[in-house]
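Student: I have a chain open on my screen and would like to talk through its fold. Could we go over it together?

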Amino acid sequence: MYVKLIFRAKPPRPKCLNVLTCIYVLTRIKACIDVCNMGKENTTKNAALFIIIAFILGVIIGYAVHDNISPISQFEVGENILQNSGFENGSDNSPSYWFEAVIPAENLSLTWDNKTRLNGSRSIGISNTHNYSETVCNNWAQTTEKIPIGHTLELSGWIKTIDAESVVMVIQCWDNVYNMVGFGTTQTATEINGTNDWQMYNASVHVPNDTSNIVVRLTLTGTGQVWFDDVKLIVK
Ligand SMILES: [Ca+2]
């Protein structure tokens, strides 16, 4: 897929940095005390003891800080970690949390649709009659705020198509150096093309340990019309 990740969350601060910071702060405090005590006593043994205590405190504080910001503590099994799954919320004629990833063309339009929908008053759609010179996967996408490391994610969504060349829903897991480390697609189970009334499709992915970002993309490849509604990403 030609579309690259647009947004990345800042990765968690490594434990080792918290430890080193703690050691540095405490050794600076120790140096100040030594200056005040200069000429009164030999502080060599005390310095060694102080560094050992600083290291132990650094390890404890480092792990505590890391655990507080770890994404593992931010989700529950069974939870849907996508926002605005029904596309009911938004403003300025655009659905909240979802962004467009497209190669612009005169006859391409992405819509926050209020006419064709499965539930509620809105869906999202992609319509295109432009023939690109290469394979283009225009898509609606969302980057999740939660990253359930080590769990399986199940993507489900309802899709309606008219003369669609190819439609897929995908889950991408990215590490912090822009490598895709996990991938799930509806194409594993079925090809979606042509004209179909509303139907639910699924995809799944296991979230690797080095995942920093998870992106869901709802894609139309080539020409045709497609609408998506009630798209969920469930933690298993
Ligand atoms: Ca809806």
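This is a predicted model: local features need pLDDT of at least 70, side-chain atom pairs count only at pLDDT 80 or more; totals for chains, interfaces and linings use all residues.

Student: How many helices and strands does the chain have?

Tutor: There are 2 helices and 11 strands. Along the sequence the order is α-α-β-β-β-β-β-β-β-β-β-β-β.

Student: And what share of the residues is buried?

Tutor: Buried residues account for 29% of the 236 residues in the chain. As for contacts with a separation of 6 or more, 76% of them join residues 24 or more positions apart.

Student: Let us turn to pairing. Which strand pairs with strand 9 over 11 bridges?

Tutor: That is strand 7, and the two are antiparallel. Within this pairing, Val-167 has Ile-192 of strand 9 as its bridge partner.

Student: What else does strand 7 pair with?

Tutor: Strand 7 is joined to strand 11 by 9 bridges, in the antiparallel sense; here Ser-156 is partnered with Lys-232 of strand 11. Another 9 bridges join strand 7 to strand 10, also antiparallel, and Cys-173 stands opposite Ile-214 of strand 10. Strand 8 runs antiparallel to strand 7 too, with 5 bridges between them, and Gln-172 faces Phe-183 of strand 8.

Student: How many residues lie between strand 7 and strand 8 in their hairpin?

Tutor: The hairpin has 5 residues between the two strands, and Tyr-178 in the turn has a positive phi of about 70°.

Student: Is Tyr-178 buried or exposed?

Tutor: Tyr-178 counts as exposed, because it has 11 C-beta neighbours inside 10 Å.

Student: Which other residue has a positive phi although it is not a glycine?

Tutor: Asn-93 does, with a phi of about 60°. Asn-93 sits in the loop between strand 1 (90–91) and strand 2 (94–95). Asn-93 is classed as exposed because it has 8 C-beta neighbours inside 10 Å.

Student: Now the core. Which residues touch the most other members of the largest nonpolar core?

Tutor: They are Ile-171, Val-226 and Phe-228, in a core of 37 residues. Elements giving two or more residues to this core include strand 5 (123–128), strand 6 (137–143) and strand 7 (152–174). The largest share, 12 residues, comes from strand 7.

Student: What is Phe-228 in contact with, leaving aside its neighbours within four places in sequence?

Tutor: Its contacts are Ser-123, Ile-124, Trp-140, Gly-157, Ile-159 and Leu-218.

Student: I also noticed Thr-116. Where does Thr-116 lie?

Tutor: Thr-116 is in the loop between strand 4 (108–113) and strand 5. Thr-116 counts as partly exposed, because it has 15 C-beta neighbours inside 10 Å. Thr-116 and Val-226 are 110 residues apart along the chain, and their C-alpha atoms are separated by 9.9 Å.

Student: Last one: where is Asp-210 found, and what does Asp-210 touch beyond four places away in sequence?

Tutor: Asp-210 is in the loop between strand 9 and strand 10, and it touches Asp-175 and Val-181. Asp-210 counts as partly exposed because it has 14 C-beta neighbours inside 10 Å.

Notes
Residues are numbered from 1 along each chain as its sequence is written. A nonpolar core is a set of buried Ala, Val, Leu, Ile, Met, Phe, Trp, Tyr and Cys residues joined through C-beta atoms within 7 Å. A residue is buried if 20 or more other C-beta atoms lie within 10 Å of its own, exposed if 12 or fewer, and partly exposed in between; C-beta atoms are placed from the backbone. Helices (H or I, at least four residues) and strands (E, at least two) are DSSP runs, numbered from the N terminus. Two residues are in contact if their C-beta atoms, placed from the backbone, lie within 7 Å. Two strands pair if DSSP finds at least two bridges between them.
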